Each structure stands twice: as C-alpha cells, then as structure tokens.
Amino acid sequence: MTVKDRYTSKTPKFFRKLRNIGLGITAVAGALLTAPVSLPALVVTIAGYGLAAGAAISAVSQVVTGKEVEDEPKPQENED
C-alpha cells in the first residue's frame, strides 16, 4: 500500500477524533505564538512544543487505515 493510498483511504473513528484533537492543539499553539502581545518565555516554549506535537499527531492519525495489511508470505522450510 502506497502513502497516497493510505492518505486517501478511510480513517477509523478513533483516529479521526485524535486527528481533530491534534488540529485543535496546533491551532491554539499557533494562536499563542502569533499573539500580538508579549507572552512569558515558558508559554512560548510550551506553545512551540504543542505546535510540533499537534502537527505530528494529526499527520500520523491521517495515514492510519482501517484495512489490515497482509503479511508477507513466510518462506517455507525444507523438509529434508
């Protein structure tokens, strides 16, 4: 299965929720980082990590599929 096939196939319900949570985290972190007011360094640092984590969660959750990938056939042992 190619990455394109994975990306366009149906995502299970749990991972759709997880993807949306990741997008929410990313949106909040982005808003904090681009705020026109000066924020404490701790808040900016946490927002940076939140932006990275939210983007990673969303990306990974998007490529999970409901289909099971078939295992490669195991090599047969010689019966000598």
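**Exercise 1. Decide whether S58 is buried or exposed.**

Step 1. S58 has a relative accessibility of 9%. Step 2. Apply the cut-offs: buried is under 20% relative accessible area, exposed is over 50%, and partly exposed lies in between (1.4 Å probe, protein chains only). Step 3. S58 therefore counts as buried, at 9%.

The model is predicted: local features need pLDDT of at least 70, side-chain atom pairs count only at pLDDT 80 or more, and totals for chains, interfaces and linings use all residues. Residues are numbered from 1 along each chain as its sequence is written, and side-chain values use heavy atoms, leaving out hydrogens and water.

**Exercise 2. Sort the sides of α2.**

Step 1. List the buried residues of α2: G22, T26 and A29. Step 2. They cover an arc of only 70° around the axis, so they lie on the same side of α2. The arc is that of the directions from the helix axis to the C-beta atoms. Step 3. Turn to the other side of α2: K13, K17, I21 and V28 are exposed there. Step 4. Find the packing partner: the buried residues of α2 pack against α3.

**Exercise 3. Classify L32.**

Step 1. L32 belongs to helix α2, residues 13–33. Step 2. Its relative accessibility is 35%, so L32 counts as partly exposed.

How values were computed: Helices (H or I, at least four residues) and strands (E, at least two) are DSSP runs, numbered from the N terminus. Contact means heavy atoms within 4.5 Å.
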